[in-house]
Amino acid sequence: MNEELEKYVREHSDPEGDYLYRLYRATNIYLLHGRMASGHLQGRLLKMIVRMIRPKNILEVGTFSGYSAICLAEGLDEGGKVYTFEINDEQEDFTRPWIEGSHLADKIEFIIGDAIQEAPKLGVVFDMAFIDGDKRTYIETYEMAMKVVRKGGFILADNTLWDGHVTDPAYDKDQQTIGIRRFNDYIANDKRAEKVILPLRDGLTLIRIK
Ligand SMILES: C[S@@+](CC[C@H](N)C(=O)[O-])C[C@H]1O[C@@H](n2cnc3c(N)ncnc32)[C@H](O)[C@@H]1O
């Protein structure tokens, strides 16, 4: 999408609100690779998907600054919870105050640790997972999610078009591109799941466990 059209789409969708606007700005000012945060459009989409699926428990792999965790929590009904994992403990000082300062703090469990190892230990049955961690380990993350998300539940995987690199031979040796391509092939052939790639932003794959 060109910038003008993207602006038009943003202006004709719900606003992200003041708190998320400030979080996105702070993310881009104070953190390296700030554009990893979901941002306005994807944030509204995540909230809408949660509204549609109405999950009770959501697993997020990759909290970063907390932007997407807050958007997921926005869509939850009363009693719902987002369990969000961040492997980089240096992220905690920035992210925890933003999560705890939001009006959705009681719906978000922010956990420092490797989701692949730690999420199954929670003993929670999830209705939905949002995979947004290390692109090189998407298949392992997906297999973990398949164990903790219930049958009929949903798994969303972010960045599955990887800036278009998935089809660009110039990125044949790039490890993250290789990881995403392997993941996309793996999902396409996985008979346990229904799947579709939304070409929004960096690509978002929607997966339903049969
Ligand atoms: C793209 S950012 C997440 C962005 C955030 N979900 C959002 O949309 O606003 C990816 C984050 O995943 C974290 N990460 C990578 N592998 C992980 C794992 N196995 N468990 C938990 N966090 C992980 C990274 O440290 C990084 O902060």
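**Notes on salt bridges, ligand shell and backbone**

1. Let me start with Glu109, which is partly exposed because its relative accessibility is 35% (buried means under 20% relative accessible area, exposed over 50%, and partly exposed in between, with a 1.4 Å probe and protein chains only). Lys81, at 22%, also counts as partly exposed. These two form a salt bridge, with their closest N and O atoms 3.9 Å apart (a side-chain nitrogen of Lys or Arg within 4 Å of a carboxyl oxygen of Asp or Glu). The pair links distant parts of the chain, as Lys81 sits in strand β2 and Glu109 in strand β3 (residues 108-112), 28 residues apart. Helices (H or I, at least four residues) and strands (E, at least two) are DSSP runs, numbered from the N terminus.

2. A word on the basis of these notes. The model is predicted, so local features need pLDDT of at least 70 and side-chain atom pairs count only at pLDDT 80 or more, while totals for chains, interfaces and linings use all residues. Residues are numbered from 1 along each chain as its sequence is written, and side-chain values use heavy atoms, with hydrogens and water left out.

3. Asp127 deserves a look. This residue belongs to strand β4 (residues 126-131) and is buried, with a relative accessible area of 12%. Its side chain meets that of Arg150 in a salt bridge (2.8 Å, N to O). Arg150 lies in strand β5 and Asp127 in strand β4, so the pair ties together parts 23 residues apart in sequence. A polar side-chain atom of Asp127 also lies 2.8 Å from the backbone nitrogen of Lys56.

4. The whole structure has 17 salt bridges. One of them joins Lys7 to Glu11, with the closest N and O atoms 3.1 Å apart; both residues lie in helix α1, four residues apart, about one turn of the helix. Lys7 is partly exposed at 45%, whereas Glu11 is exposed at 51%.

5. Now the ligand. It is surrounded by 20 residues, the closest being Ser38, Gly62, Ser68, Glu86 and Asp132 (a residue is near a molecule if one of its heavy atoms lies within 4 Å of it). β1 (57-61), α4 (67-74) and β2 (81-86) each supply at least two residues of this shell.

6. A polar side-chain atom of Glu60 lies 3.3 Å from one, a backbone N or O atom of Phe85 lies 3.5 Å from a ligand nitrogen, and a backbone N or O atom of Ile87 lies 3.0 Å from a ligand nitrogen (polar contacts with the ligand are pairs of N or O atoms within 3.5 Å). Taken alone, the ligand exposes 610 Å², of which the protein buries 91% (Shrake-Rupley areas, 1.4 Å probe).

7. Two backbone angles are worth checking. Most residues other than glycine have a negative phi. Asn159, however, has a positive phi near 65°; this residue lies in the loop between β5 (149-158) and α8 (175-188) and is buried, at 9%. Arg201 has a positive phi of about 50°, lies in the loop between β6 (193-198) and β7 (204-209), and is partly exposed, at 41%.

Terms used
Polar contact = N/O pair within 3.5 Å; in protein donor to acceptor, adjacent residues only side chain to side chain.
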